[in-house]
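Hello,

Here is the structure we talked about handing over. My notes on it follow below.

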Amino acid sequence: MQELINRAKELLADGTVARVLGWREGDMSYNPEVAYFNSAEELDKFVYNGFCAANLSKYMIEASKLEGKTLVFLKPCDTYSFNQLLKEHRVDREKAYIIGVGCCGKLNVEAIKAMGIKGIQSIEIDDACETLTVKTIYGDKTVAYKDAMLERCHVCKGKEHMVYDELMGESRDTVDAERFAEVEKIEAMSPAEKFAFFQAELSKCIRCNACRNVCPACSCRKCVFDSNKFDSAQKANVDSFEEKMFHIIRAFHVAGRCTDCGECSRVCPQGIPLHLFNRKFIKDINKFYGEFKAGEDAETKGPLTNFTFDDVEPCDAVERG
Amino acid sequence: MPMNEEFKPKIVAFCCNWCSYAGADLAGSSRLAYPADVKIIRVPCSCRVNPMFILRAFEKGADGVIICGCHPGDCHYSTGNYYARRRMAMLFSMLEYIGIENGRTRVEWVSAAEGVKFSTTMNEFVSKIQSLGKNVRLGDIRCKN
């Protein structure tokens, strides 16, 4: 972490960048927050640890409008989102100085709480990223790093950065689950079971729009959900379908552009597994239109803005999907 | 519960102006019958059908939605139906994934010369929806039938 701060200070001092986009200490040790740093003094508050899960790519949309370059720290999976935004002309590559930071999987405090650990005061991570020491009001507890990781890190896209100016730190392979296993499990259910499953999950939705606001693919300046002409816009839901409407539409809007960064599921205050929607689209796209990884590069056409003459017919797609 | 013999499904058919709408016209002028439950909405191209139109139709009480367009390769705008095909494949697959019975949605390519195909497709689709029954999963309780 200190080397990141030192490098950021250097770049600020020699005028390469005008500001730094990173994370600073939050009110608890397990919730660092996204922050801009404009001076070397401010950088003393900079942190980078296992809890710095936020994808900073989306913040680069606004940063691209500011004067001068912004130094941004991107983890391997964040660089996919950055590339995708680059493809959509939402960020300016010239305005970004990207330091690709190492990542050994990001942590989820909810996973720790789910283990029955209550009254957390602080969490310490050992240097090797193997164990966590959770200090609680009931005494210290140790948790394996792997068990406290975010869902998305169990199906990590890889430790290679897709776009960067320089690299710092080491990444670790954290894959220990099948990416589409959950989707396949749902696909195998009967229609009534599927409906009941999604009903149960989505009825928790409070329409806080956090998933939309954090999503790097949701970068429209005017969003359909902000329109007062739209039934599902900013209000309480009257029935189960409205909840689904919102999530189907959102998933469809990002289909073919979603990099599966998992931010939606991470920020959902209700713990809805929103990645299940996006991953279903990714699975279908891979199956019908060939393997596609959004954000792998900044040039290839997206699958839904492209076609071939012998694409699968929609009715067959449902049967085969 | 006894089967409701009187169940009259509400079917929304999005027909493209250049092929399927003309196909429906031909079916009519050829005196080929298709159920009156099918309500046709004319769109410039099958590609005009926003996935939200389909969701909205279901929300407002449709029991089935069918999209008809020109045969692939015959689109008036050259490539519109190819894009529609990909979009609808994705949407239908998603609807099936969240537990909407497969069969409530359909895409069919009907040319201006295929009045017979239009009529048989609509007859088939209506009987399929009749067998599936009323759309209870997607309807909005506020929308009166």
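Please keep in mind that this is a predicted model. I start with the interface, where 32 residues of chain A are in contact with 32 residues of chain B. On the chain A side, two or more residues each come from α6 (181-187), α7 (191-202), α9 (240-254), α11 (275-289) and α12 (314-320). The most is given by α9(A), with 7 residues. Sorted by class, this side of chain A has 23 nonpolar, 8 charged and 1 polar residues.

Next, a sheet in chain A. It is open, has 5 strands in the order β2-β1-β3-β4-β8, and its pairing is mixed. The edges are formed by β2 (33-37) and β8 (166-168) of chain A; each has a single partner strand, so one side of each is left without a neighbour in the sheet. On average, neighbouring strands here are turned by 30 degrees against each other, direction ignored. Within the sheet, β1 (residues 19-24) and β3 (residues 70-74) of chain A run parallel and are joined by 3 bridges. Val20(A), for its part, stands opposite Leu71(A) in β3(A).

Chain B has 4 helices and 4 strands, which follow the pattern β-α-β-α-β-α-β-α along the sequence. Its radius of gyration is 15 Å, close to the 15 Å that the globule rule gives for 145 residues, so chain B is as compact as a globular protein of that length. The C-alpha trace of chain B spans about 45 × 35 × 25 Å along its principal axes. Of its 145 residues, 52% count as buried. Among the contacts in chain B with a separation of 6 or more, 84% are between residues 24 or more positions apart.

Regards

Notes:
Residues numbered from 1 in each chain as written. Chains lettered and ligands numbered in written order. Predicted model: local features only at pLDDT ≥ 70, side-chain atom pairs only at ≥ 80, totals over all residues. Pairing = 2+ DSSP bridges. Axes fitted to C-alpha atoms, helices over the stretch in contact; angles between N-to-C directions. Contact = placed C-beta atoms within 7 Å. Nonpolar A, V, L, I, M, F, W, Y, C, P; charged D, E, K, R; others polar. Rg over C-alpha atoms; globule rule 2.2 N^0.38 Å. Buried ≥ 20, exposed ≤ 12 C-beta atoms within 10 Å, placed from the backbone.
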